[in-house]
Amino acid sequence: MEGEQTCAGGREQKKVLRDAFKAAFPHTIPIFAGFWFLGLTYGIYMNVSGFSFWYPMLMSLTIFAGSMEFVTVNLLLGAFDPLQALAMTLMINARHLFYGISMLGKYRGNGWKDIYLIFGMCDESFSINYTAEIPEGVDRGWFMVFVTLLNQFYWFSGSTLGGIFGSLIHFNTEGLDFVMTAMFVVIFLEQWLKEKRHVSALAGIGISLLCLLAFGPEHFIIPSMFAILGTLTLLGKPMEADGSSGGGGR
Amino acid sequence: MTLTQQVITIGMVVLGTVLTRFLPFLLFPAGKPTPRYIRYLGKVLPSAVFGLLVVYCLKNVSPLSGSHGIPEFISIMAVAALHLWKRQMLISIAGGTVCYMLLVQLVF
């Protein structure tokens, strides 16, 4: 009896996993293209900088933050300065704080899965898991784990292959990196179509553009974040009052 | 750099990254009610952040030199048009990317 039950439970569990995987996979296909392209580029970059494939392979598993991994190559080539390495990481990855605040609800209550979800919260996994409409009956925790895991697998395999075959790849991939831009445009648009008020979306674009003009492409992220935070805080009061007068303020 | 120094450097990057990802969850534990202000931010930040990410992707586009950002502009319009028409994420992304690759490889 008990054996039968465990067996049925196992089958049930397998179905949960399969359904979650099937629902998650299509969302990650654009990331596959983008991460393979960027990952290969990163692996090749490490290869030509004189590092064996172990470096991109292990770094893609442990760091798993694309832009930071590119920067780490420079850190490894420079003089030993661990504090500078830490400070730069905190600066470049400060946007994760925003993601975390937005995910306080979703990345909780999934048991051990939460640890991995938070560990693997790169731009792309955050964007998909935040906006995806998970179909009825699909396990939310497993859906989000598969999105994160598949994304990390794409990045890991791309950068490892790039590290191994570095100098052998020759085909015209120029412009393929636009896949990431296209993906964020779609996600932005999806969010736009879903929300009633566009103040926040417009503030995000406008402030980032202004900061880009003022601080240049290498230094505009941190000022943009502070300005966005400040603006949204100032806008907060009237928006909240608006929500409560409409009766649906949460 | 020696191997040990390399390991320490990479370790610092891992530490920094993990810190930025876990900090909000540690600061606002599940048991206690999350402050109203933080919940408000959690609701309004994503739209602004997606805007920031779009700008971030385009940060190296210069309107005054090279191809003047024309291939980027056309391709983003294509992505938006496809998406408003079909509302299929993969079609919009693939269409926009192919459009961009053709433009930069053949036209500009």
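This report describes the fold, salt bridges, surface patches and selected distances of a predicted model.

The model is predicted, and local features need pLDDT of at least 70, side-chain atom pairs count only at pLDDT 80 or more, and totals for chains, interfaces and linings use all residues. Residues are numbered from 1 along each chain as its sequence is written, chains are lettered from A and ligands numbered from 1 in the order in which they are written, and side-chain values use heavy atoms, with hydrogens and water left out.

## Architecture of chain A

Chain A has eleven helices and zero strands, where helices (H or I, at least four residues) and strands (E, at least two) are DSSP runs numbered from the N terminus. Along the sequence this gives the pattern α-α-α-α-α-α-α-α-α-α-α. The domain assignment divides chain A into domain 1 (2-173) and domain 2 (195-244); such bounds come from an automatic or database domain assignment. The centres of domain 1 and domain 2 of chain A, taken over C-alpha atoms, are 27 Å apart.

Chain A comprises 250 residues, of which 48% count as buried. Here buried means under 20% relative accessible area, exposed over 50%, and partly exposed in between (1.4 Å probe, protein chains only). Helix H5 of chain A is mostly covered, with seven of its eight residues buried. The buried residues of H5(A) are A:Arg95, A:His96, A:Phe98, A:Tyr99, A:Gly100, A:Ile101 and A:Ser102.

## Salt bridges

Over all chains, the structure holds three salt bridges, a salt bridge being a side-chain nitrogen of Lys or Arg within 4 Å of a carboxyl oxygen of Asp or Glu. Side chains of opposite charge can pair when their charged atoms come close. The pairs are listed below.

| A:Asp19 | A:Lys15 | 2.9 Å |

A:Glu190 lies in helix H9 (residues 178-194) of chain A and B:Arg87 in the loop between helix H3 (70-86) and helix H4 (89-107) of chain B, so the pair joins two chains. A:Glu190 is buried, at 17% relative accessibility, whereas B:Arg87 is partly exposed, with a relative accessible area of 44%.

A:Asp19 and A:Lys15 both belong to helix H1 of chain A, where they are four residues apart, about one turn of the helix. An α-helix has 3.6 residues a turn, so residues three or four places apart point the same way. A:Asp19 counts as partly exposed because its relative accessible area is 24%; A:Lys15 is partly exposed as well, at 42% relative accessibility.

## Surface patches

Patches are made of residues with over 30% relative accessible area and no salt bridge; like charges are joined within 9 Å, and nonpolar side chains (Val, Leu, Ile, Met, Phe, Trp, Tyr) within 5 Å. Accessible areas come from the Shrake-Rupley method with a 1.4 Å probe, and for residues only the protein chains shown count as cover.

On chain A, the residues A:Arg11, A:Lys14, A:Arg18 and A:Lys22 form a positive surface patch. Lys and Arg count as positive and Asp and Glu as negative, while His and the chain ends are not counted; the place of a charge is taken as NZ of Lys, CZ of Arg, CG of Asp or CD of Glu. A:Arg11 is located in helix H1 (residues 2-48) of chain A and is exposed, with a relative accessible area of 58%.

On chain B, a nonpolar surface patch is formed by B:Ile70, B:Phe73, B:Ile74, B:Met77, B:Val98, B:Leu102, B:Leu106, B:Val107 and B:Phe108, which together have about 880 Å² of accessible area. H3 and H4 of chain B are the elements that give two or more residues to this nonpolar patch. B:Val107, which lies in helix H4 of chain B, is exposed, with a relative accessible area of 58%.

## Selected distances

A:Asp19 and A:Asp139 are 120 residues apart along the chain, and their C-alpha atoms are separated by 8.0 Å. B:Ala94 and B:Ile38 are 56 residues apart in sequence and 36 Å apart in space, C-alpha to C-alpha. B:Ala94 is found in helix H4 of chain B and counts as partly exposed, at 41% relative accessibility.
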